[in-house]
Amino acid sequence: MIKLPPLPYAYEALEPTVSATTMRTHHDKHHAKYVDVTNQLAVEKGLAGASLEEIIAQAEAQGERKLLNNAGQAWNHAFFWTCMSPQGGQPAGELARLAQEAFGGLDGLRARFVQVGADHFASGWVWLVVEDGRLAVVDTHDGETLAHKPQAPLLVCDLWEHAYYLDYKQDRKGFLERWFDNVANWSFVEAQLAAAQGRQAPWRFGLAA
Ligand SMILES: [Fe+2]
């Protein structure tokens, strides 16, 4: 059985960029439901003792779409909470060098992340990843996850309306700009980059970031 991880900060810690009301609903209702459904279905499929990463891999291998979607959402949200911080710092060092190489600099990285997220049709996620040693921005649909993909995720933002509608109404682009500038957790991104380069272990569901 997997457990709903607690937020790594108080509900109001990300205000005014993300309200406490949004965080409460998002974590306590939406994320909790994905975890509950994942546990129900994992038991039915004989995966009660598996880690979330194992459940995702097994669900994909067996074509279990409902389990894969819910397990993907359980993983993505836990990763998303760690991608935010009231003291996230600024991109620097190796990360800044790779951003220069891939996007012409940090402003280019920001513009690409916001554009891909704003242009994404319907629900999903926008990710900063490293693949073959280069940074890239990609989007995924609905409950799709990068937990078990060759692209190493460094940062993600939730594009489902429940992530921003209470605070920003339909203005997803405005949400993404403020999110990137104010709450993106760059110290976590640097740790994930170090993991992708084999210098430390990557984040895993259920482990502290
Ligand atoms: Fe969400």
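**Helix H4 and its surroundings**

I looked up what the buried residues of H4 pack against, and I found helix H5 (106-119), strand S1 (124-131), strand S2 (134-141) and helix H8 (186-196). Contact here means heavy atoms within 4.5 Å. Helices (H or I, at least four residues) and strands (E, at least two) are DSSP runs, numbered from the N terminus. The model is predicted: local features need pLDDT of at least 70 and side-chain atom pairs pLDDT 80 or more, while totals for chains, interfaces and linings use all residues. Residues are numbered from 1 along each chain as its sequence is written, and side-chain values use heavy atoms, without hydrogens and water.

I noted Leu95, Leu98, Ala99 and Phe103 as the buried residues of H4 (residues 93-103); buried is under 20% relative accessible area, exposed over 50%, partly exposed in between, with a 1.4 Å probe and protein chains only. Viewed down the axis of H4, these buried residues fall within an arc of 105 degrees, so they line one face of the helix. The arc is taken from the directions from the helix axis to the C-beta atoms.

Just after H4, I recorded a positive phi of about 80 degrees at glycine 104.

**Histidine 120**

I located histidine 120 in the loop between H5 and S1. Histidine 120 counts as buried because its relative accessibility is 4%. Leaving aside residues up to four places away in sequence, I listed Asp139, Thr140, His141, Leu159 and Arg172 as the residues that histidine 120 touches.
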